[in-house]
Amino acid sequence: MISKFPSVQRDFLPLLLIPAAALLAFLFIDSVPTWLTLTMAGLAMGMMIFIIASGLTLIFGLMDVLNFGHGAFIGVGAYLALSILLGGSGLGFAYAGISGVVLLYIASLGAALVAALIGFFFEKLLIRRVYGDHLKQILITMGGAIVIEQIMVMIWGPYELQIALPDVLKGSVSLFGASIEKFRIMIVIQGMALFLLMLLLLHSTRLGLLVRAGVEDSEMVQSLGFNIKRIFIGVFVVGSALAGFGGAMWALYRGTLTANLGGELMITVFIVIVMGGLGSLGGCFIAALLVAVVSNYVAFVTPGLAAASAILIMAAVLIWRPSGLYPIMVRK
Amino acid sequence: MKWPAMHSIILSGDGPRNRFLSWFIVALVLFMLVAPFLGVGQAMLNTLIRIAIFVVLVASFDLLLGYTGLISFAHTMFFGIGAYAIGLTLERGGPHFSSLLIGVVCGLTLTLILAMVIAIFSIRVRALFFAMITLAVAHVFYVIVTQQYVLTGGHDGKNFQIPKMLRPSNLVWRIENLDVSITGATLVYLGIILLCILCFLTMLRIVNSYFGCALMAIRENEFRAEAIGVDVLRCRVIVSCISACFACLAGCLYAVWVKYVSPDATMSIQIMLDILLMTVIGGMGTLYGAIVGSTLYVFAENYLKEVISALSLTAGDIPVLSAIANPDRWIFWLGLLFVLCIYYFPEGIVGRMRREIEHE
């Protein structure tokens with residue numbers, strides 16, 4: 001009966017937001033090196049926020065589960081990375097030269113792995129029982145996050161800890177008179193790679209197809225004979241691993257870490273996923289970069305407004321598109 | 001025509017519906033009212049005021065969580081706005097009653113505007129946005145308050161004076177044969193208790209009105225509520241404004257009592273957690289839960305902390321146990337209790353009590 005599928009409408013308007021913000025900021029800043037440094041710092045921050053937020057938004061999209069405990073995985077990742085780095089140096093791995101970078105990746109991937117494991121149990125123990133009840137989900141995951149955060153305080157202590165980058169990644173390179181930290185360049189490249197990898201997985205594998213179909217209509221996917229719960233656990237575990245990985249990167253980027261590091265970052269992450277449209281990966285990517293870049297510019301131009309800038313951008317975006325940049329059409 | 005009984009009018013026809021609960025509430029209110037004449041000491045008065053103010057705060061939170069099914073993490077923000085409004089106007093305008101009044105009006109205005117903007121932005125599309133956006137706004141507000149050192153005193157907060165008539169040094173009346181002095185502080189105490197009772201009764205009135213029914217209909221099934229003609233968006237926006245205003249009033253009362261405001265004492269995430277726990281323990285969806293929850297919690301907070309530190313002394317050097325029993329781990333226990341309560345005790349104390357009555 002249906003002769004023709006409706007053609008897919010591509011919506012490129014949100015993509016223009018970041019260049020527009022960058023251009024606008026350039027008028028205020030009026031100095032190429034400063035602008036370049038700020039933009040690069042913003043992009044690096046945005047990439048890390050995206051890595052963390054992507055898991056959360058997919059988890060929500062697929063199973064309608066809003067995980068307020070996501071922040072705990074960030075903290076776990078950060079602390080584990082520190083411990084693995086310290087342990088590695090203790091075993092005699094040189095932190096200088098290229099082996100430092102190898103060690104850094106071992107540490108962050110190890111952190112991601114453990115975060116994935118904790119995520120698995122978190123899902124089994126806590127979230128599994130409160131499917132379909134947002135109120136309880138929010139309360140339970142919030143409580144769970146507090147417990148995990150406090151256990152971290154018990155293990156690593158309440159004081160601020162220092163974490164150092166390998167020597168190879170310290171320092172900066174000069175570009176058009178602007179000095180750009182090497183680590184930021186690495187994060188931006190890595191973030192882009194991860195985003196492309198996720199797109200590739202979602203759009204050209206069978207599993208990705210199932211995930212996307214599940215986001216749109218999980219009941220229908222289930223009635224076609226696929227075990228949506230198993231897919232969901234997979235996405236949840238990967239999302240937790242990404243949060244752990246992002247947390248490790250974030251701690252390395254800042255150089256210090258405390259137990260509430262995740263909680264603070266979650267504020268931005270929530271703003272980002274609301275702005276991007278809950279459940280949308282592309283929207284999440286654009287929103288993360290936009291929030292990070294703009295808050296960097298604002299902090300430079302008018303420091304007083306820096307704290308509120310993310311909220312103001314979100315308000316502006318929600319006036320323009322009330323469901324976020326790329327709203328997901330959900331039939332639930 | 002037969003008029004309803006007096007207590008039914010006062011309680012809006014929604015009594016505690018459990019004999020034990022009724023006696024508990026009557027005893028608590030009576031004790032609160034006569035406590036200053038019994039010479040119970042300042043610490044007990046502080047505890048009672050804390051309970052009274054938290055009853056208002058928790059009850060107003062329950063309007064959202066229990067009655068409408070919305071979670072707000074900005075409730076302490078409005079509490080803080082009320083406290084700061086009183087603190088800053090008294091500090092700038094001098095210790096007069098006019099500054100007190102201006103403070104309340106300013107606080108309520110700011111609260112109303114903020115609550116309405118947040119609600120309209122977040123609930124318009126999905127009620128779920130509300131939890132995330134309130135969390136973000138509350139955090140940003142907290143950061144701004146700590147950064148604006150000149151205006152708010154930053155992390156240190158501000159001390160201020162209340163009108164002369166309300167200070168402890170102002171002796172109003174002395175009852176010689178009871179050895180009790182009624183001072184300005186007693187007046188403040190009684191005023192706060194009475195205002196808290198009034199706030200509570202007003203909220204009881206609200207939830208038992210047509211509007212309250214509409215809220216519960218939304219909580220049970222948003223789609224059906226919409227279908228029978230309830231304006232879901234409007235009800236949610238209005239209730240979040242009402243709830244915020246009561247939180248702001250509670251903040252005003254709190255500031256008048258402690259004569260000091262700071263971000264950590266009024267709007268930290270710790271207080272938000274306290275409110276959540278009190279609501280869940282007492283029972284979501286019933287305002288009487290707020291009374292039971294806050295009373296139990298405030299007393300437990302005062303005495304359990306001592307028990308835990310005693311326990312940590314006995315635990316000594318046993319590695320895991322001493323870490324868990326450390327008094328600094330208070331929040332860990334709260335978190336654990338919170339999760340367990342939601343799983344195994346979601347109806348709360350009052351919900352359980354009422355259910356037993358219905359089964360009989």
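A residue counts as buried if 20 or more other C-beta atoms lie within 10 Å of its own, as exposed if 12 or fewer do, and as partly exposed in between, with C-beta atoms placed from the backbone. This is a predicted model, in which local features need pLDDT of at least 70, side-chain atom pairs count only at pLDDT 80 or more, and totals for chains, interfaces and linings use all residues. Residues are numbered from 1 along each chain as its sequence is written, while chains are lettered from A and ligands numbered from 1 in the order in which they are written.

**Exercise 1. Which residues of helix 1 of chain A are buried, and which are exposed on the other side?**

Step 1. Begin with the element itself: helices (H or I, at least four residues) and strands (E, at least two) are DSSP runs, numbered from the N terminus. Helix 1 of chain A covers residues 17-29.

Step 2. Check the length. The expected span of a helix is 1.5 Å times one less than its number of residues.

Step 3. Sort the residues. A:Leu17, A:Ile18 and A:Ala25 are the buried ones in helix 1 of chain A. Viewed down the axis of helix 1 of chain A, the buried residues fall within an arc of 90°, so they line one face of the helix; the arc is that of the directions from the helix axis to the C-beta atoms.

Step 4. Turn to the other side of helix 1 of chain A, where A:Pro19, A:Ala20, A:Leu23, A:Leu24 and A:Leu27 are exposed. A:Leu24 has 12 other C-beta atoms within 10 Å. Its C-alpha atom is separated by 10.0 Å from that of A:Val294, 270 residues apart along the chain.

Step 5. Look at the cover and the end. Helix 2 and helix 11 (281-301) of chain A are among what covers the buried residues of helix 1 of chain A. After helix 1 of chain A comes A:Asp30, with a positive phi near 65°.

**Exercise 2. What do the buried residues of helix 6 of chain A pack against?**

Step 1. List the buried residues of helix 6 of chain A: A:Phe183, A:Arg184, A:Ile187, A:Val188, A:Gly191, A:Phe195 and A:Met198.

Step 2. Find their partners, which are helix 2, strand 3, helix 9 (228-254) and helix 11 of chain A.

Step 3. Confirm the span. Helix 6 of chain A (residues 182-204) has 23 residues that should span 33 Å, in agreement with the 33 Å between its end C-alpha atoms.

**Exercise 3. How many bridges join strand 2 to strand 3 in chain A, and how many residues lie between the two strands of the hairpin?**

Step 1. Count the bridges, given that two strands pair if DSSP finds at least two between them. Strand 2 (residues 172-175) and strand 3 (residues 178-181) of chain A run antiparallel and are joined by four bridges. A:Val173, for instance, has A:Ile180 as its bridge partner.

Step 2. Inspect the turn. Two residues separate the strands of this chain A hairpin, and A:Phe176 in the turn has a positive phi of about 50°.

Step 3. Strand 2 (residues 171-175) and strand 3 (residues 180-183) of chain B pair in the antiparallel sense over four bridges, with B:Arg174 opposite B:Ser181. This chain B hairpin has four residues between its strands, and B:Asp179 in the turn has a positive phi of about 55°.

**Exercise 4. Which element of chain A gives the most residues to the side that touches chain B?**

Step 1. Take the totals, where two residues are in contact if their C-beta atoms, placed from the backbone, lie within 7 Å. Here 24 residues of chain A are in contact with 27 residues of chain B.

Step 2. Name the elements that give two or more residues to this side of chain A: helix 5 (134-156), helix 10 (261-276) and helix 12 (306-320). Helix 5 of chain A gives the most, with twelve residues.
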